[in-house]
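Hi everyone, thanks for making time this morning.

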Amino acid sequence: MHIDDIQLEIEICGFCPLMCKDMCCFHQHAKSEDSAPHMRNLSLWKVLEGKDPSEKKAFLKQAAEVIYLCTLCGQCTAWCGRSRDIPTNMMGGRADVVEHELAPDKVYEIDSKTEAEHNPYGESHDKRLSKLDESTKNILKQAKDNRTGLWIGCTTAYHQPEIVQAMVKIFKTAAVDVQILNDDEWCCGLPLYKLGLRKRASELAEHNTQALEKKEFETIIVDCPECYRAFKDFYPAMGYTIRANVVHSSEYILDLASNGKIEPKNKIAKTLTYHDPCELARHSTPIVRTEYTTSDMYESPREVLNKIPGITLKEMRWTRDKTYCCGGGIGVRELYPEFSLDIGKKVPSEALKVGAETLAVACPACKRQFSRVGEGEGNLEIYSIAELVAQSL
Amino acid sequence: MLHDKYSFVYIGLKDAKMSIISNEILFSELRSICGEANVTDHESDKIAHSLNRNWYTRTLWAQNKSIPVADVIVYPETTQQVSEILRLANLEKVPVTPFGGGSSGMGGNIAEHGGIIVDLKKMNKLLNVNEHSLMASVQAGIGCWGYEDELNKIGYTSGHVPASFFCSTIGGFLALRSAGRLSTGYGKIENMALALEVVLPNGEVMRTRPVPAHAAGPDLNQLFIGSEGAYGIISEATLKIHPYPEERRFRAMLFPNLHAGLEALRKILRSGVHLIIGRLYDERETATLFKRTWGVEREGAYAVVGFDGNRDMVDVEEKMSLKVCREEGGEDLGREKGDQWWENRFGDYYPADKRDVERYQALLGGRHAGGTMDVSAPYNQIESLYGEAREAFLNRFSEKYTADIYAHFSHWYKHGTMFYCRWHLRDIPEDENLLALYNDVWSTIIPIAVAHEGVIEHHHGIGRLLGRFLKLQDRGSFTVLKEIKKALDPNNIMNPGVMGLGDY
């Protein structure tokens, strides 16, 4: 079983005297005892202790009831005095649950949708780029230089096309040609990996790795932190390597601004706060166990925002490694829509508390979630970093 | 399952009164009170509520034995809902177990007879902060960390910092008479409570007033604080708050032995210095602590003393305390080691490595037994009490098992102190009846506290672990507790069996 490889981690967390219980965003909203991190780990410990395959399966069925009560945001890990990696424990358990066909129905629905349309939303793959405006499509079509690729991502393509439009505007201003994969871009696979659907995730990773290889990009710009982490951390873990340099859009835009290729001039006289997405923040730092560690990604988004004239950047209470989950990741939204909504309300309300008029995000899923729950939360505008920079050009 | 004669769980009921209401009707009634989303009989949540931090049910569960679980769990959001739940339960004679953060190890929140668990975590509002009078009102289910955090934001502190800081509720503290790390300065929870709102077993709501003191009859707050859900459910509380201190300072000391440390701290308290913390480790624990923390071998008794408040006052109190410590032979280890202790105050609770896991596995597998004894007594008794308990434990168990026992003294008063002793039995034979062994340990050491003018528990409550000893402590007072229970809860629905109450 997958959890055999992480037995010690599971046991340690299961035996902990509940030290991260009140910090778990899911538990804070659900309040149920079975949603607390230690209980989820104890349920996996029980599976490990099963005497034979049939007993293990019986315990696994019980574990399946609780191990999806988690956004995998990693707040527990950031808070833990020993930095125990509970998200990895949950992902291991989910992989076993899926392999034994014991996962909640919604998980298999997401799998089927992805198999059919190459995206977890089940949107038509043929219409992946249909929401982009004509001008953006034309610019992308005319790109000749293939050194730089732009990875769009499912959430951005289907739900936040304005982020792509903003990025393309920035790159055009900087006279950088960017090419996309068009029909060859499939879901990065990380949302499926997280739900335990490792087989499908691996298929997607294989396809995407080959498609990117064919294009021979030197650099791939990725805006979605989930895709970014898939390429940087999870593809190698699954045995796939992307040879091009994978950079997050905020890093790339910062580079353009620092080298004078773009110059944000238009003043945006707003008080603004930045929300660190889990995947780009604590999951990309050594706080989380080394197996899936990349690099610090706290500063570049803030540095980009500070280059926009007029902006007053204020920090919220829950930022950087202690950032609060948006609750809008694939899986939580589908399995537990009410908790997803509840969790998502926290960041917009914190933003308003520090007097922010604009909430800047570096993740399309966060933007989608906050736009959904932020309604009625005062006059809070929600923009991606790329959109704000594009407005300032 | 719980009626095993070797169980350490006190069975208070000769015959649990049986309800004839069907679960279907009960759930339906509860849903109409609390709403669909706040009532569950989901198996995983029922098991999780029973397991929580209770060693007994965790062991049974690990051994694939059945554990007692509630029939249904409700999450009320208002006092009115709690009242209606109890009114229903009383009418239908259904057992009710109140539940807070689930951090207790005493088994007081096990739904021993099934019935309803009333989980108060959705009653988590900070209702009011009265800055002028230094008090705050909360719903009982508010988490300790969340409450302290809200107070800190506006420049105040509750002064309550227990080890269960991240997993406990104010209602739970009140139910069990909790103490935090800073109790020497800020008091235990019973010293912090100014007023309570309590839902009585028949559903009536009782309130006291948030006054600093009164002579209007007995103090009803103190009747319900520590009643562990046997007399009703604490639904709201008004607690003292304090301006966040200008200065907080810690100082580490090393005394030649435990006796010298005990004398030093007693004299500091007697001098009128307002210590916020005094923590004194015995020689055995000191040696381990030095080796683990600083990698050096030292003999003696390690202590941390702390002060907070106005900076000038802290300077004076620190100076006075140091003088007393030196007179008792204490070596000043400086502020740094004191600060390190405070900064790492939660650190040791995180299981660290494989060694810890092996320990827990051994505990669950029955090869290792371990527990705590935290008792308080007057100064003239405390040292001999600990010495005798230690000796009795080692004499009785060293031959057959690898026995270990050590303690720290961590909550100080002008008139006495307490010790928190940990005991371990390793290399337990496979066929050992573990529950009988646990009973044997408690029976060996707990009565020693009673014989030394002490009490059997200082700050964790009685639960089901120590119910049988409460009778020993003072037969006269136990009768009073029983009679109050009978008067308030004639149908014995409220947490029957907890603290050994409910046998009528």
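Let's begin with Lys346(A) and Glu350(A), which form a salt bridge whose closest N and O atoms are 3.9 Å apart. By salt bridge I mean a side-chain nitrogen of Lys or Arg within 4 Å of a carboxyl oxygen of Asp or Glu. Both residues sit in helix 18 of chain A, four residues apart, or about one turn of the helix. That helix covers residues 346–353; helices here are DSSP runs of H or I with at least four residues, strands are E runs of at least two, and both are numbered from the N terminus.

Before going on, a word on the ground rules. This is a predicted model, where local features need pLDDT of at least 70 and side-chain atom pairs count only at pLDDT 80 or more, while totals for chains, interfaces and linings use all residues. Residues are numbered from 1 along each chain as its sequence is written, chains are lettered from A and ligands numbered from 1 in the order in which they are written, and side-chain values use heavy atoms, leaving out hydrogens and water.

Back to our pair: is Glu350(A) buried or exposed? Glu350(A) is buried, at 7% relative accessibility, whereas Lys346(A) is partly exposed at 24%. The cut-offs are under 20% relative accessible area for buried, over 50% for exposed and partly exposed in between, with a 1.4 Å probe and protein chains only. Leaving aside residues up to four places away in sequence, Glu350(A) touches Met316(A), Arg317(A) and Trp318(A), with contact meaning heavy atoms within 4.5 Å.

Over all chains, the search finds 56 salt bridges. Another one joins Glu203(A) and Arg200(A), at 2.8 Å from N to O. These two are three residues apart in helix 12 of chain A, residues 198–215, so about one helical turn separates them. Glu203(A) is partly exposed at 36%, and Arg200(A) is buried at 14%.

Now over to chain B, where Glu247(B) pairs with Arg311(B) in a salt bridge at 3.0 Å between the closest N and O atoms. Glu247(B) is in strand 12 and Arg311(B) in helix 12 of chain B, so this pair ties together parts that lie 64 residues apart in sequence. Salt bridges with shared partners join both of them into one network, whose members include Arg249(B), Asp315(B) and Arg335(B).

How do the two chains meet? 44 residues of chain B are in contact with 37 residues of chain A. Together they bury about 3500 Å², 62% of it on carbon and sulfur atoms; buried area is the accessible area (1.4 Å probe) that two parts lose on being put together, summed over both. Trp61(B), Phe166(B) and Tyr350(B) supply 20% of what chain B buries there, more than any other three residues. The two chains share two salt bridges, one of them linking Lys121(B) to Glu33(A) at 2.4 Å.

Last, the cysteines: how many disulfides are there over all chains? The count is zero, taking a disulfide as a pair of cysteine sulfur atoms within 2.5 Å. The sulfur of Cys188(A) has its closest cysteine sulfur in Cys227(A), and at 3.9 Å that is too far for a bond. Cys326(A) has its closest cysteine sulfur in Cys366(A), at 3.9 Å, again too far. Cys188(A) is buried at 4%, and Cys326(A) is buried at 7%.
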